[in-house]
Amino acid sequence: MGESPEQHPKKAFGWAARDSSGVLSPFKFSRRDTGKNDLTFKVLYCGICHTDLHMIKNEWGNSIYTKFCYEHEIVGVVTEIGTKVEKFKVGDHVDNLPLDGAAPLLCAGVTTYSPLRYFGLDKPGMHVGVVGVGGIGHVAVKFAKAMGVKVTVINTSPTKKDDAIENLGADSFLVSREEGQMQGAMGTMDGILDTVSAVHPLLPLVGLLKSHGKLVLLGAPDKPLQLPVFPLLMGRKMIAGSCRWRNEGDPKMIDFATKHNITANVEVIPVDYANTAMEGLIKANVRCKFCH
C-alpha cells in the first residue's frame, strides 16, 4: 500500500540520480509534516563529494535509484522543531565558520581529522605525506599543519605544487612519477594519508614510510589494489583504512576547525551546475571542493 498525499503534504524539490549513468536531474517529491520527534532543516549549502559520485554511478554496488537524492555535506538552519525534541546531537552545529566553506568539513573534514588522531599522526614534528591534493587532500594538509605536523604532498604531476606549498602551507611536494624524487624521500615519513579513489600503485608509498610507519587509505577505488607484502614485513609497516566515523569525530573536528579557522576551499555553484562539477571529479582536475 502506498502512502496517501495527506501523509506527505509538503511539496519539495531536489536533484536525483535515476540510474548509474552518473547524471542528476530535477526531481519533485513530497514529505510529511514535522512530527513530534522530528526537526525540519533548511539546507543552505551542500558540498559535492567523491562519495556522491561513487553512489550515483553505483560503483560500490549498493545504490538504490528509487527517489535517490544523495548528499551528506550539508549545513543550514533548523526551521521547525518537534515538541519532543530536547537537544541536537553533537556535531550538528558549526560555530564561527563561513557556512559554504564549513559544509565539506562534515565529510572531508572528519575523513582526514579522524585518522590523523586515531593513528597517532598528530604529534608536532612528525612527518606525514598526503597523496592527492583535491577535495579531501587539501583539507588533510590544513588539519595536519594545524597539528604541527610536517606535511609533504604527493601528486602524480607538479601542476599543484605552488598551490600546495604557497596556499595550503605544505612543507614539500613530491611528484610520484619522478623516480628520483621518490627515491630521495624513501624512509622519511611517519605516516601517509592516501586520498586517491583511482587505482594506483602502493609500493612506492610504502617505500616512503619509516619503520613502523602507517599508510592509511581514505579513497575507495572500484578495483582491487596490489598489496606489496615483503616491504611491510621488513619494516613492520602498516596499511590501514579509515572512513568518516561521523558521530565519533564530528564534534572534536568542528571544535578544532573553529579554533584554527580551518575551512575547505570551495567554489560555490548553482545546483544545476552539479553535473558539470561531477565531470570535474571524474577527470580529477578539481582544485577545491564544489559547494551548491
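Visitor: What should I know about the numbering and the model before we start?
Guide: Residues are numbered from 1 along each chain as its sequence is written, and side-chain values use heavy atoms, with hydrogens and water left out. This is a predicted model, where local features need pLDDT of at least 70, side-chain atom pairs count only at pLDDT 80 or more, and totals for chains, interfaces and linings use all residues.

Visitor: How many helices and strands does the chain have?
Guide: Helices (H or I, at least four residues) and strands (E, at least two) are DSSP runs, numbered from the N terminus. On that basis, the secondary structure comes to 10 helices and 12 strands.

Visitor: What share of the residues counts as buried?
Guide: Buried means under 20% relative accessible area, exposed means over 50%, and partly exposed is in between (1.4 Å probe, protein chains only). Of the 292 residues of the chain, the buried share is 44%.

Visitor: Is Thr152 buried or exposed?
Guide: Thr152 sits in strand 6, residues 150–155. Leaving out residues up to four places away in sequence, Thr152 touches His127, Val128, Gly129, Val130, Ser172, Phe173, Leu174 and Met189; a contact here means heavy atoms within 4.5 Å. With a relative accessible area of 2%, Thr152 is buried.

Visitor: Which backbone oxygen does the side chain of Ser63 reach?
Guide: Ser63 lies in the loop between helix 1 (50–56) and strand 4 (73–81), and at 14% relative accessibility Ser63 counts as buried. Not counting residues up to four places away in sequence, Ser63 touches His54, Met55 and Asn58. At 2.4 Å, the side chain of Ser63 reaches the backbone oxygen of Met55.

Visitor: Which element gives the most to the nonpolar patch?
Guide: The surface patch covers about 470 Å² and is made by Leu39, Phe41, Val43, Val78, Ile81 and Phe88. Areas come from the Shrake-Rupley method with a 1.4 Å probe, and for residues only the protein chains shown count as cover. With 3 residues, the top giver is strand 3.

Visitor: Is Val78 buried, exposed or partly exposed?
Guide: Val78 is found in strand 4. At 33% relative accessibility, Val78 is partly exposed.

Visitor: How many aromatic pairs are there?
Guide: Rings of Phe, Tyr and Trp (its six-membered ring) pair if their centres lie within 6.5 Å; planes under 30 degrees apart count as stacked, over 60 as edge-to-face and the rest as tilted. A search of the whole structure finds a total of 5.

Visitor: What kind of pair do Tyr113 and Phe256 make?
Guide: Their ring centres are 5.6 Å apart and their planes are at 50 degrees. Tyr113 is in helix 3 (residues 108–118) and Phe256 in helix 9 (residues 246–260), 143 residues apart. Tyr113 and Phe256 are both buried, and their pair is tilted.

Visitor: And what kind of pair do Tyr118 and Phe119 make?
Guide: Tyr118 is exposed, at 63% relative accessible area, whereas Phe119 counts as buried, at 11%. The ring centres of Tyr118 and Phe119 are 4.9 Å apart and the planes are at 85 degrees, so the pair is edge-to-face.

Notes:
Polar contact = N/O pair within 3.5 Å; in protein donor to acceptor, adjacent residues only side chain to side chain. Patch = residues over 30% accessible without salt bridge, like charges linked within 9 Å, V, L, I, M, F, W, Y side chains within 5 Å. Salt bridge = Lys/Arg side-chain N within 4 Å of Asp/Glu carboxyl O.
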